[in-house]
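Please look over the sequence and the model shown here before reading on.

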Amino acid sequence: MPPTFAQLGVPDFIVRALAQRSITRPFDIQMATVADALDGRDVCGRAPTGSGKTLAFGIPLVALAGGSQPHRPQGLVLVPTRELADQITKELRSFAGKRRIGVAYGGVGYGPQLASLRRGVDILVACPGRLEDLISQGAVDLSAVDRVVLDEADRMADMGFIPVVRRLLDQTATQRQTLLFSATLDGDVASLTRDYQRDPVRHEVGDETPDVTAADHIFWKVARTDRVDVCAEAIDAAGTTVVFCRTRHGCDRVARQLGRRGIATAAIHGGRSQSQRTRALDDFATGKVQALIATDVAARGIHVPGVDAVVHYDVAVDHKTYLHRSGRTARAGKGGVVVSLVEPEKVKELASMQRELGFRTSTTEVDVAEIRQPSRSRTRRRTLEHSAAKSQSGRRRGSKNRSGSRGRQRASHR
Ligand code: ADP
Ligand code: MG
């Protein structure tokens, strides 16, 4: 039995508010970090989506907050997107008692945000761009901030926010507690930790390589000229889809071509501006567009829950890329389908990647029914193997009659 929140040192008013939401026992990451954070230690946490990171930082932040002057918050939470800002604000307010939680992000009017800062907030939840904007207007001053949270730091890095985040952190108090949470802790995130955290308590759970075994993996043989039509059919059948192309130019072209076939799309790649990328991600996350067309470079920035499918419009160059791309779907315990459109002359080449991935699946003719029928998905899922040895024999066994429409054959067996 894990300890209770009270045993971790969480103040009574928070314990009671959480209990009203039936939150009584801390999750792993909360157990690992709450007591240390309440003690004032820096925390560097890596944990998968849904593991409870918001309370892991939210509890200490709220517990230690209070009494801030107008325009001068003492707690600051930096987040990549307005959706996340809203979500965190709501969650903090649910147990904050008298502590005032303010929120600031772009794309909406300044009025309410200015008014709340004028009245004073104890904790400000903000997206970097709008916060910098509000500072330049003199609406907020970060010099009293002695407790900072960087949530989804990897996403902020992917979205190009690191320089702004650094400028903002440089304006906070030097005696400061810094909590950082991220799905990955490499690259830019590692340098943030190095430069802005002091001897942080580290807590890392889960594997950094996305686990794609929850998804169904399909490889379809498709002539180059048929790819757009097949891709459109797949999106139609699957729902919200991320489509991967090799080049920026390819992304734009595929987005246009799918658009002509009646599918609402947005493109995201290195050739687009920060605001274009943010808008594309927003439109996809909110369901305004059904398909997001992306390059590999942009892929790391896509953390949209509930993506139904990934289409490798251009096949992945290697198995690592395949895993990273495919990891956009089947997240947080949900299923998903991953389709590779394989040109006939690449079928052989791809076999070695399929082997490396440990898949007992091979390239088959297009059969959109494979996507549409979820009952069969579960059968396919079982053909996924982790062990390379098993996959070898499996492939040999199954390779004979895989050339035809495997999905239909299987359906007729049941
Ligand atoms: P993360 O930021 O790690 O993706 P969240 O903080 O959004 O995860 O938490 C995921 C869900 O789990 C939320 O709905 C949250 O209210 C719930 N939750 C968090 N901690 C607990 C807990 N200790 N007991 C029960 N539910 C929890
Ligand atoms: Mg979170």
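A polar side-chain atom of Gln 30 lies 2.8 Å from a nitrogen atom of ligand 1; a polar contact is a pair of N or O atoms within 3.5 Å, and within protein one must be able to donate a hydrogen and the other to accept it, while residues adjacent in sequence count only if both atoms are side-chain atoms. This is a predicted model, in which local features need pLDDT of at least 70, side-chain atom pairs count only at pLDDT 80 or more, and totals for chains, interfaces and linings use all residues. Side-chain values use heavy atoms, with hydrogens and water left out, residues are numbered from 1 along each chain as its sequence is written, and chains are lettered from A and ligands numbered from 1 in the order in which they are written.

**The ligand**

| Residue | Part of the residue | Ligand 1 atom | Distance |
|---|---|---|---|
| Gln 30 | polar side-chain atom | nitrogen | 2.8 Å |

Taken alone, ligand 1 exposes 570 Å², and the protein buries 75% of that. Accessible areas come from the Shrake-Rupley method with a 1.4 Å probe, and for residues only the protein chains shown count as cover.

In total, 17 residues surround ligand 1, and the closest are Arg 25, Gln 30, Gly 50, Lys 53 and Thr 54. A residue is near a molecule or strand if one of its heavy atoms lies within 4 Å of it. The shell divides into six nonpolar, seven polar and four charged residues; here Ala, Val, Leu, Ile, Met, Phe, Trp, Tyr, Cys and Pro count as nonpolar, Asp, Glu, Lys and Arg as charged, and the others, Gly among them, as polar. Helices α3 (53–63) and α4 (82–93) each supply at least two residues of this shell, and the largest share, three residues, comes from α3. Helices (H or I, at least four residues) and strands (E, at least two) are DSSP runs, numbered from the N terminus.

**The chain as a whole**

The protein chain holds 19 helices and 14 strands. Of its 414 residues, 53% count as buried; buried means under 20% relative accessible area, exposed over 50%, and partly exposed in between (1.4 Å probe, protein chains only). The accessible surface of the chain comes to about 18500 Å², and carbon and sulfur atoms hold 48% of it. Among contacts (heavy atoms within 4.5 Å) between residues at least 6 apart in sequence, 75% join residues at least 24 apart.

**Helix α11**

Helix α11 covers residues 248–260, 13 residues in number, and reaches 19 Å from its first C-alpha to its last. That is close to the 18 Å expected at 1.5 Å a residue, where the expected span is 1.5 Å times one less than the number of residues. Buried in α11 are Gly 250, Cys 251, Val 254, Ala 255, Gln 257 and Leu 258. An α-helix has 3.6 residues a turn, so residues three or four places apart point the same way. The cover over the buried residues of α11 includes α10 (227–238), β9 (241–244), β10 (265–268) and β11 (291–294). After α11 comes Gly 262, with a positive phi near 85°.

Gln 177 lies in strand β6 (residues 177–182) and counts as buried because its relative accessibility is 4%. Its side chain reaches the backbone oxygen of Ala 37 at 2.8 Å. Not counting residues up to four places away in sequence, Gln 177 touches Ala 37, Gly 40, Arg 41, Asp 42, Leu 64, Asp 146, Arg 147 and Val 148.

Ala 234 has its place in helix α10 and is buried, with a relative accessible area of 3%. Leaving aside neighbours within four places in sequence, Ala 234 is in contact with Trp 220, Val 311 and Ile 371. Ala 234 and Val 310 are 76 residues apart in sequence, yet 9.6 Å apart in space, C-alpha to C-alpha.

Thr 89 is found in helix α4 and is buried, with a relative accessible area of 3%. Beyond its neighbours within four places in sequence, Thr 89 is in contact with Ile 101, Val 103 and Val 125.

**Loop residues with positive phi**

Glu 152 lies in the loop between β5 (147–150) and α7 (153–158). Its phi is near 50°, a positive value in a residue other than glycine. Asp 199, in the loop between α9 (187–196) and β7 (201–204), has a positive phi of about 45° although it is not a glycine. Asp 199 is exposed, with a relative accessible area of 57%.
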